[in-house]
Amino acid sequence: VEDITLSVAQYIESRNIELIFDTEIEEKIIACDPDKIERMMLNLLSNAIKYTPAGGQILVKIYIKADNLIISVRDTGVGIPEEMKLMIFDRFVQVDRTSSRVNEGSGIGLSIVKGLVELHDGSIYLESELGKGTEFIIELPDRQINCEYMKEAAVAKDQQHVEKISIEFSDIYD
């Protein structure tokens, strides 16, 4: 999660948005699909960038709560209206559905994120206040797999980040 977040730091800062990464744990390995975690993070970060104006802030935080690993992505963006909160994880739902909206996208990203989180036996929810920002909170079970080759596979996947970032962020490049 840290590597993915830091891999987009320069782009976020080029948009005059402050990025903060905070963790209570230095290294935590859990049973997960690293590609799916990357996809979830890139989508949440992409959304945070789209809806956070210049001068805003994005905070990514990781911590342990009970038997779960918590990943939080919070922004100081436009927020989500109360009536949209229950639908935001549905396919094709967008906060700004007007033809003059500033940010493009298909409206399926958060639906995909929710599906990927649930495939990990986790949950995702949000806290948001209109005009003040949104926080997406992912809870993943703290499960282990004792396989040394899993670490080697994770290192090999690091080489693929740049291509995936370009694809995920393609709808917000100027």
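Predicted model: local features only at pLDDT ≥ 70, side-chain atom pairs only at ≥ 80, totals over all residues.
**Exercise 1.** Work out how β2 and β3 are joined, and find the partner of I62.

*Solution.* Start with the direction: β2 and strand β3 (residues 68–75) run antiparallel. Next, count the links, and you get eight bridges. Strands here are DSSP runs of E with at least two residues, helices are runs of H or I with at least four, and both are numbered from the N terminus. Two strands count as paired if DSSP finds at least two bridges between them. Finally, look up I62: its bridge partner in β3 is I71.

Residues are numbered from 1 along each chain as its sequence is written, and side-chain values use heavy atoms, leaving out hydrogens and water.

**Exercise 2.** Which way do β1 and β2 run, and what is the hand of the crossover between them?

*Solution.* Six bridges tie β1 (residues 18–23) to β2 (residues 57–65), and the two run parallel. One of the pairs is E18 with Q57 in β2. Now follow the chain from β1 through helix α3 (residues 34–51) to β2: this β-α-β crossover is left-handed. For reference, right-handed would be a clockwise path from the first strand over the helix to the second, with the strands pointing away from the viewer.
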